[in-house]
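Some labels used for a protein model rest on cut-offs.

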Amino acid sequence: MSAAFRRVVAAAAFSAATSVVLAETRHFATVPLLGGSADWRFSSWRAITDQLRGGVSTAALEPCGGGARFTGNLDPSKLSAGFAGMNLDVKVLPVSFSDLDGLKLGVLDADGREYTLLLKLKGGESGSSYQVRFVPQKQTEFEALFKDFAAYRRGRPDASAPPLDKSEIETLAIQIASNFTQQSGRFQLELQSIAGLK
């Protein structure tokens, strides 16, 4: 095999490999949903905490200088586990989740704790949801594609659940859980915005 022929073969192989990488790499456009150029709709959010089961944790979503502050107190002392979250009916958003591929959070400040993005479906069983858990970092962005949300039932992975059907998403929630007693006390996460990925 001549040197020239080998160079041609190598160039062709490199071109093919590059094409595969480019085909697998997708750059998403962002669609404002909450914050930034969109309203945070503070009056539409509802607190959902372990008080439903007799617990004492609290949660709130309030305006802060650059966006919204998710804050409260996570107290697993009554139930040996706890959770606190804020829920929003996605019907109030300017874009249907059916038209999106995921969500993007702009994080202003964080406290080093693990948080959860949680999606509930229309007619879904109580305690069932699709979740992405993450530890947000200050002054960063976090992206979560819908295909990466995992099914949970009463705080545990649910292997029997079907894949997430984004056309059936009814509720978006930001939540923090004690993971039994691994996390507790005051918490605070400041977000600049939540955008859709498309």
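Q: Which residue in β8 is the bridge partner of leucine 118?
A: In this predicted model, leucine 118 has glutamine 131 in β8 as its bridge partner.

Q: What makes β7 and β8 paired strands?
A: Two strands pair if there are at least two bridges between them. Five bridges join β7 to β8 (residues 128–134), so the two strands count as paired. They run antiparallel.

Q: Why is one side of β2 and of β11 left without a neighbour in the sheet?
A: The open sheet has seven strands in the order β2-β5-β12-β7-β8-β10-β11, with antiparallel pairing. β2 (46–49) and β11 (156–157) stand at the edges and each has a single partner strand, so one side of each has no neighbour in the sheet.

Q: Why is the pair of phenylalanine 70 and tyrosine 115 called edge-to-face?
A: Ring centres must lie within 6.5 Å to pair, and planes over 60 degrees apart count as edge-to-face. For phenylalanine 70 and tyrosine 115 the values are 6.0 Å centre to centre and 65° between the planes, so the label applies. Phenylalanine 70 lies in strand β4 (residues 67–74) and tyrosine 115 in strand β7 (residues 115–121), so the pair ties together parts 45 residues apart in sequence.

Q: What makes tyrosine 115 and phenylalanine 187 an edge-to-face pair?
A: Their centres are 6.4 Å apart, within 6.5 Å, and the angle of 70° between the planes is over 60, so they form an edge-to-face pair. Both residues are buried. Phe70, Tyr115 and Phe187 form one aromatic cluster.

Definitions and conventions:
Residues are numbered from 1 along each chain as its sequence is written. This is a predicted model: local features need pLDDT of at least 70, side-chain atom pairs count only at pLDDT 80 or more; totals for chains, interfaces and linings use all residues. Side-chain values use heavy atoms; hydrogens and water are left out. Rings of Phe, Tyr and Trp (its six-membered ring) pair if their centres lie within 6.5 Å; planes under 30 degrees apart count as stacked, over 60 as edge-to-face and the rest as tilted. Helices (H or I, at least four residues) and strands (E, at least two) are DSSP runs, numbered from the N terminus. Buried means under 20% relative accessible area, exposed over 50%, partly exposed in between (1.4 Å probe, protein chains only).
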